[in-house]
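This report describes selected parts of one protein model, section by section. The sequence and the structure come first.

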Amino acid sequence: MENRIDTRQITARVTKITWERIWLHMEVQITFAEDADSRSELSFFLVNGLYEPKAKLKITGIEGDTYRLKINITNPGTSLCLPQGTYSMIVCQNRCQMAKAEIAETIVKDMSGASRNFLYGGRAKVYSVTFYVPETEEGLPFIMYVLASGRTAISAPSNGHKKKRFSPKAALKKKYSKINKPFKVDLYWKYRKKYKHKSGKPVVMFMSEQSTSISTNMKAVKDRMLARGMDKDYIIVESYRSSVTTPRMGLQSWMDTLKKMAMSDFIFLDDHAPVLDWLVLDKDTVLIQLWHAGAGFKASGYSRWGHIGCPAPYSCHRQYQYGIAGSKNIAHFFSEVWGINDSQVLPTGMPRIDEFLDEEYRKKKTKELYENYPMCKDKKVILFAPTYRGKNKKSANYPYELIDFKRLYDLCADEYVVLFKMHPWVAEAVPIPAQYKDKFRDVGSYPNINDLFYITELLITDYSSNIFEYSLMRKPMLFFAFDEIQYSFSRGFHRPYEESAPGKICRTFAELLEAIRQKDFDYAKVEAYVEKHFDYIDSHACDRVIDWIILGQLPETVKKELAADAAINQELQTLDFTPPQSGCE
């Protein structure tokens, strides 16, 4: 690529730098010389000190002479973090280098404030993005420095030597930790060599490292495969373990799971699988994430990078070839969580909704629910179903003291009854006073919250993704967000909560009660939510997952998007930003 920067046909100045979670946004002012080509498209690259382009910035808008650019530093398009390095921004046109961006004088004093540190690894490691202006160069060149580093000592050096106490248990644990993962990796590849294609049929694996049983989306896809008779042409294997409750699995468990993984052509997951944080699958294995969340607000995965519990720069998510979503409009929420590209998130719809939308199933479950909970007959059912508070499954809780049971009971009168369905991770039962149990019921043990939606007239939740299915009932919702500020800081939202919640937001329990009393639900937001979040409202999501992924019948639009992303990555590998050379195309 010819370097024509010295011709000054184009000059570029970065005039604004802002952050939106893991997205870096910049505004660049472009000035063309009188005889310059101002019509041909411009492209913007981050180029490291070895003259290697590591990212192509996305142009999100052009207003006059200002280009708005953005880049996801956890995934600039490669499904990996932006690599460490010292970066310049090079502006190109017609495959020629035309300008090296500088910093506008107006924002130089704010450069240090634009830098960010993202803590991970139990806050023992950091990925930092720093902007600065070097003193040794002319002008104000844009420089961005990316570094990943770990905890280091900051105390004064000691002249003495403190002898460490020997612990046989600690020594054994250290030895075990060193050989355990390499042993498992080696076992996987031995199994891969021995069992791959041995049966002569493709192998489809359903795998969970979060639960000991199959459920939701995975169960729906597996059942549909069996209903279509696909077990004749495919071998279906399963592995369900809970890495949370049983962090140290026995050898036989590992042998069984690794063998199944090694022989599989397709592996379906339902959540994060810790084993795949360090075990890299054979490139011929297609890994698919059938995440249970339809689309809530709370940030997960790389959306909350820098917060407690976020993933490491490389994790299981990076290996997904595909994930699924309800619509193309919301694909970017999922790709951001997993650190993969938008094109890899297929808008198949949620497989579990196939059953949810089946009219016969609905009639059957509605009848069962009224039999199980006769208090709900001839009443309007309020379903109180918030998400958990706490860092993880072990610490999950809900502040029941915020619920004014008496005032809620009085409000119900002869019109309402209330079912409480807490997040499955919340072990403590709802403390319903005995005198209110004729109108209140804890249904935490009921297996499928979606079934409860059939008899529900009003859903009360907060940041949960249960709004996804419930929205299809076209019934009102209220959001009890008493800790929105704290929650947004600790967990983070991947979209504006106030704008996106399909119902009225209440910050106090008194406000919640008043909204119920006045039937003030902001119901108009429900229809807008449905329109945005569902490309298909039918009972064929399972078939789309099977046809598109297992049978390889991807829609042409999806193929084009995947090809476009592949072309950009290929371009980055072929472009040459070394000092001036001839041969501009």
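## Strand 23 and its sheet

Strand 23 is mostly covered, with five of its six residues buried; buried means under 20% relative accessible area, exposed over 50%, and partly exposed in between, with a 1.4 Å probe and protein chains only. Helices (H or I, at least four residues) and strands (E, at least two) are DSSP runs, numbered from the N terminus. The model is predicted: local features need pLDDT of at least 70, side-chain atom pairs count only at pLDDT 80 or more, and totals for chains, interfaces and linings use all residues. Residues are numbered from 1 along each chain as its sequence is written, and side-chain values use heavy atoms, with hydrogens and water left out.

Strand 23 (residues 456–461) pairs in the parallel sense with strand 20 (residues 380–384) over four bridges. Two strands count as paired if DSSP finds at least two bridges between them. Opposite L383 stands L459 of strand 23, and the bridge partner of F384 in strand 23 is I460. Strand 23 also pairs with strand 24 (residues 477–480), in the parallel sense and over three bridges. There, T461 stands opposite F479 of strand 24.

These strands belong to an open sheet of six strands in the order 22-21-20-23-24-25, with parallel pairing. Strand 22 (440–442) and strand 25 (504–506) stand at the edges with a single partner strand each, so one side of each is left without a neighbour in the sheet. On average, neighbouring strands of this sheet are turned by 25° against each other, direction ignored.

Ten of the ten residues of helix 15 (residues 541–550) are buried, so helix 15 is largely enclosed by the rest of the structure. Among them are the charged residues D543, R544 and D547, as well as W548. Just after helix 15, G552 takes a positive phi of about 70°.

Two packed helices are described by the angle between their axes and the distance between the axes. Axes are lines fitted to C-alpha atoms, for helices over the stretch in contact, and angles run from 0 to 180 degrees between N-to-C directions. Helix 3 (residues 216–227) packs against helix 15 at an angle of about 80°, with the axes 9 Å apart. Helix 3 and helix 15 are therefore roughly perpendicular to each other; angles of 65 to 115 degrees count as roughly perpendicular, under 35 as roughly parallel, over 145 as roughly antiparallel and the rest as oblique. Helix 3 contributes A220, V221, R224 and M225 to the contact, and helix 15 contributes C542, D543, V545, I546 and I550, where contact means heavy atoms within 4.5 Å. By class, the residues of this contact are seven nonpolar, no polar and two charged. Ala, Val, Leu, Ile, Met, Phe, Trp, Tyr, Cys and Pro count as nonpolar, Asp, Glu, Lys and Arg as charged, and the others, Gly among them, as polar.

## Helix 8 and helix 13

Helix 8 (residues 405–412) and helix 13 (residues 509–518) pack at about 5°, with their axes 11 Å apart. The two helices, helix 8 and helix 13, are therefore roughly parallel to each other. R407, L408 and L411 of helix 8 meet F509, A510, L513, I516 and R517 of helix 13. This contact has six nonpolar, no polar and two charged residues.

## Nonpolar cores

A nonpolar core is a set of buried Ala, Val, Leu, Ile, Met, Phe, Trp, Tyr and Cys residues joined through side-chain atoms within 4.5 Å. The largest one has 99 residues, of which F206, M261, F268, L269, L276 and L452 touch the most other members. Helix 15 supplies the largest share of this core, six residues. Leaving aside neighbours within four places in sequence, M261 is in contact with Y188, R192, M205, M207, I267, L276, L279 and L281. A second, separate core of 44 residues includes A12, W19, L42 and I73.

## Two single residues

S88 is found in strand 8 (residues 85–93) and is buried, with a relative accessible area of 12%. Not counting residues up to four places away in sequence, S88 touches F45, L46, V47, K100, F142 and I143.

T578 lies in the segment after helix 16 (556–574) and is partly exposed, with a relative accessible area of 27%. Its contacts, leaving aside neighbours within four places in sequence, are Y51 and Q97. T578 and R362 are 216 residues apart in sequence and 65 Å apart in space, C-alpha to C-alpha.
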